[in-house]
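Please read the points below alongside the sequence and the model.

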Amino acid sequence: MMNQKKFSIPTRGEAYVIKSTRKKWKDYKYDLKNVYTTKYKTKDALLRNRPSHIPRDQWTGLLSYWFSDKAKKRTQANRNNRSNQKMPHIGWSKSIAALMDEKVTV
């Protein structure tokens, strides 16, 4: 059972809650980066235009990561991987491997 200090989640629902929370957090970070880096192109401009709901030290740390060589390499690798996909994942809960197996057997 999850930490009971703030939430009461039945054991059978824990996996769903964790998966859902991870997805929402990932989407939030994507939206944040997309909106702000489209609007403000430089690190200095981004520093000056911090969202009011994000503490300054966290925003500075996030920008340092976004502009780091490590993040730039990861972004480029992800772009390359997505462009090399032969079959986009649109099979809902089925994995790409399962979809490809069905395609071969049909």
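1. A salt bridge is taken here as a side-chain nitrogen of Lys or Arg lying within 4 Å of a carboxyl oxygen of Asp or Glu. The model under review is a predicted one, and in it the side chains of Asp27 and Lys23 form such a bridge, with an N to O distance of 2.9 Å. A search of the whole structure finds one salt bridge.

2. Where do Asp27 and Lys23 lie? Both belong to helix 1, which covers residues 14–39, and they sit four residues apart, or about one turn of the helix. An α-helix has 3.6 residues a turn, so residues three or four places apart point the same way. Side chains of opposite charge can pair when their charged atoms come close.

3. Helix 3, which runs over residues 56–66, has Trp59, Leu63 and Trp66 as its buried residues. They cover an arc of only 60° around the axis, which means that they are on the same side of helix 3. Asp57 and Gln58, by contrast, are exposed on the other side of helix 3. As for packing partners, the buried residues of helix 3 pack against helix 1, helix 2 (43–48) and helix 4 (69–83).

4. Leu62 also lies in helix 3, but its relative accessibility is 25%, so Leu62 counts as partly exposed. Leu62 and Lys33 are separated by 29 residues in sequence, while their C-alpha atoms are 9.6 Å apart in space.

5. The largest pocket holds about 1100 Å³ of space. Its lining comprises 24 residues, and of these Lys29, Tyr30, Lys33, Trp66 and Thr75 lie nearest the centre of the pocket.

6. Which helix gives the most to the lining of the largest pocket? Helix 1 does, with ten residues, and helix 1, helix 3 and helix 4 each supply at least two residues of that lining. Sorted by class, the lining of the largest pocket consists of eleven nonpolar, six polar and seven charged residues.

7. On the fold as a whole, the chain has five helices and zero strands, and the pattern read along the sequence is α-α-α-α-α. Of the 106 residues in the chain, 16% are buried. Among contacts between residues at least 6 apart in sequence, 22% join residues at least 24 apart.

How values were computed
Residues numbered from 1 in each chain as written. Predicted model: local features only at pLDDT ≥ 70, side-chain atom pairs only at ≥ 80, totals over all residues. Heavy atoms only, no water. Buried < 20%, exposed > 50% of the residue type's maximum accessible area, 1.4 Å probe, protein only. Arc of directions from axis to C-beta. Contact = heavy atoms within 4.5 Å. 1 Å grid on protein atoms, 1.4 Å probe; cavity = no way out; pocket = protein on both sides within 12 Å on 5 of 7 lines; lining within 4 Å. Points joined across faces, edges and corners; volume = space filled by probe spheres on them. Nonpolar A, V, L, I, M, F, W, Y, C, P; charged D, E, K, R; others polar.
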